[in-house]
Every structure is written in C-alpha cells, then in structure tokens.
Amino acid sequence: MNLFQQGGPMIWPLLAISVAALAVMAERFVIFTTTRFPSRDMLAAILDMLLHDKKNSALELVENNTPFFTKFFAALLTKGTPRQREERALVAGEEILFELNRRLDFLATTATTAPLMGLLGTVMGMISAFSRLANSGNVDITMLAGGIWQALLTTGAGLGIAIPSLLAHRWLLRQHEKTAFAMQQTAALILDQIPAADEP
C-alpha cells in the first residue's frame with residue numbers, strides 16, 4: 001500500500017487497467033482452451049460419417065464435443081449447392097471468429113498505453129521533485145534521489161502491465177489465427193467430400 005501511495009496519482013489508473021487486463025487474460029484463456037476446434041481424429045470420424053451419409057451423427061458428434069463450432073458445421077452440412085454452403089459457412093465462421101476476437105483489442109491497447117501512462121507518471125513525479133528542490137533553496141541530493149525513485153515507480157508499473165498484456169495478446173491472436181486456418185481447411189475438405197446428391 002505504501003508503494004501505491006508513493007507512486008503518485010498515475011499509479012491508480014495503472015492499477016485499474018492492470019486488474020481489467022488480468023480479467024480479460026483469464027476470461028480469454030478459458031474461452032480459447034475450452035473451445036478448441038475438433039481434433040484431426042474427430043475430423044476424420046466426421047468425414048467418415050459424411051461419406052456414409054450420416055450427417056446427423058456427424059453433427060451430433062460435433063455438438064457433443066465442440067458445441068462452439070456446431071453452427072459452422074451445420075452451415076456446411078445443410079442442403080444446397082457447394083457455393084451456398086460455402087457462403088453460409090463463411091457467415092457462421094465469421095461469427096465464431098468475432099466471438100473469439102472479443103476484447104483482444106483491449107489487451108493490445110493496454111500493452112501500448114500502460115508504458116505511456118507510466119512515463120507520464122514519472123514526468124509528473126520528476127516535475128514535483130524538482131519543484132520541491134527549487135523551493136527548498138538548497139541542493140539536497142537525498143531529496144532529489146527520493147523524488148526520482150518515487151517517480152520511476154509508475155514507469156516500472158507501466159512496463160509490468162504492458163509486457164504480460166503484449167505476450168497474452170500475441171498468444172491469443174495466434175490461437176485465433178490457427179482456429180481460422182483450421183476452419184478454412186475443414187470447409188474446403190467437407191465441401192469437396194459432400195456428395196453432389198445432397199444438392200437440391
């Protein structure tokens with residue numbers, strides 16, 4: 001608590017965004033680790049069912065194991081021309097990717113803004129330290145050093161928030177890209193495997 005009091009006014013906004021960033025990191029980590037795209041084995045089982053005209057069983061398998069992507073597979077397996085199914089799958093896929101992308105921009109903004117807020121706090125602290133030194137009328141190196149280390153607290157806090165936010169944002173963005181790539185590959189594979197007899 002003493003460090004927060006000595007950190008000046010900018011330490012409190014930094015504390016607020018650090019709590020928000022931690023909450024977003026935890027929530028997105030849970031989302032990405034519990035909504036993984038179907039594994040290769042499951043995709044192989046789905047394709048096998050489709051080749052044996054068992055669409056309902058394939059959809060049931062998806063719904064039981066990866067319900068987050070049911071809408072995407074349902075769009076691929078509904079009746080229609082390959083073009084129509086592709087368009088429906090594109091819309092469903094974009095909705096899923098939008099859900100996965102939620103709040104990632106907040107982490108990117110935090111990684112960029114936190115060091116600047118910390119630097120602003122340091123500048124304000126340095127101005128205050130030199131102002132006190134000027135008003136005291138004599139050069140007291142102890143007073144100057146004390147003011148500087150207090151001012152640097154916000155820079156340290158800003159970097160301490162920015163680095164994990166940046167790392168988390170990069171990792172989550174990579175998971176998002178991998179999911180998008182897997183959906184694209186799966187859509188191409190299923191549209192190629194679905195028999196033409198399914199077309200109206």
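Q: Hi! Which helix is aspartate 105 found in?
A: Aspartate 105 is in helix α7. Keep in mind that this is a predicted model.

Q: Thanks. Is aspartate 105 buried or exposed?
A: Aspartate 105 is exposed, as its relative accessible area is 56%.

Q: And what separates it from proline 9, going by the C-alpha atoms of aspartate 105 and proline 9?
A: Those two C-alpha atoms are 26 Å apart, while along the chain the two residues are separated by 96 residues.

Q: Let's switch to the loop between α6 and α7. What is the phi of arginine 103?
A: Arginine 103, a residue other than glycine, has a positive phi near 70°. Its place is the loop between α6 and α7. With 38% relative accessibility, arginine 103 counts as partly exposed.

Q: OK, and what about aspartate 53, what phi does it have?
A: Aspartate 53 is not a glycine either, yet its phi is positive, about 60°. Aspartate 53 sits in the loop between α3 and α4, and with a relative accessible area of 59% it is exposed.

Q: Since you brought up α3 and α4, at what angle do the axes of α3 and α4 cross?
A: At roughly 160°, and the axes come within 7 Å. Helix α3 covers residues 40-51 and helix α4 covers residues 55-65. The two helices are therefore roughly antiparallel to each other. The crossing of α3 past α4 is left-handed.

Q: Which residues make the contact?
A: From α3 you have Met42, Ala45, Ile46, Met49 and Leu50, and from α4 there are Lys55, Ser57, Ala58, Leu61, Val62 and Asn65. Eight of the residues in this contact of α3 with α4 are nonpolar, two are polar and one is charged.

Q: What does α4 meet in α5?
A: Lys55, Leu59, Val62 and Glu63 of α4 meet Thr70, Phe73, Ala74 and Leu77 of α5. The residues of this contact of α4 with α5 are five nonpolar, one polar and two charged.

Q: And what is the geometry of α4 and α5?
A: Their axes cross at roughly 165° and come within 9 Å. That makes α4 and α5 roughly antiparallel. The crossing of α4 and α5 is right-handed.

Q: How many of the residues of α5 are buried?
A: Six of its eight residues are buried, so α5 is largely enclosed by the rest of the structure. The buried ones in α5 are Thr70, Phe72, Phe73, Ala75, Leu76 and Leu77.

Q: Moving on to the largest nonpolar core, which residues touch the most other members?
A: Ile46, Leu50, Phe72, Phe73 and Ile190 do, in a core of 32 residues. At least two residues of this core come from each of α2 (11-34), α3, α4, α5 (70-77), α6 (82-101), α7 (104-136) and α8 (141-193). The largest share of this core is from α8, with six residues. Another core lies apart from it, with seven residues, including Leu14, Ala114, Met117 and Ile161.

Q: Back to isoleucine 46: what is isoleucine 46 in contact with, leaving aside neighbours within four places in sequence?
A: Isoleucine 46 is then in contact with Ala58, Leu61, Val62 and Phe73.

Q: Last one: at what angle do α2 and α6 pack?
A: They pack at about 145°, and their axes are 10 Å apart. Arg28, Ile31 and Phe32 of α2 make the contact with Glu99, Leu100 and Asn101 of α6. Three residues of this contact of α2 with α6 are nonpolar, one is polar and two are charged.

How values were computed: Residues are numbered from 1 along each chain as its sequence is written. This is a predicted model: local features need pLDDT of at least 70, side-chain atom pairs count only at pLDDT 80 or more; totals for chains, interfaces and linings use all residues. Side-chain values use heavy atoms; hydrogens and water are left out. Axes are lines fitted to C-alpha atoms, for helices over the stretch in contact, and angles run from 0 to 180 degrees between N-to-C directions. Helices (H or I, at least four residues) and strands (E, at least two) are DSSP runs, numbered from the N terminus. Angles under 35 degrees count as roughly parallel, over 145 as roughly antiparallel, 65 to 115 as roughly perpendicular and the rest as oblique. A crossing is left-handed if the near helix is turned anticlockwise from the far one by less than a right angle, and right-handed if clockwise. Contact means heavy atoms within 4.5 Å. Ala, Val, Leu, Ile, Met, Phe, Trp, Tyr, Cys and Pro count as nonpolar, Asp, Glu, Lys and Arg as charged, and the others, Gly among them, as polar. A nonpolar core is a set of buried Ala, Val, Leu, Ile, Met, Phe, Trp, Tyr and Cys residues joined through side-chain atoms within 4.5 Å. Buried means under 20% relative accessible area, exposed over 50%, partly exposed in between (1.4 Å probe, protein chains only).
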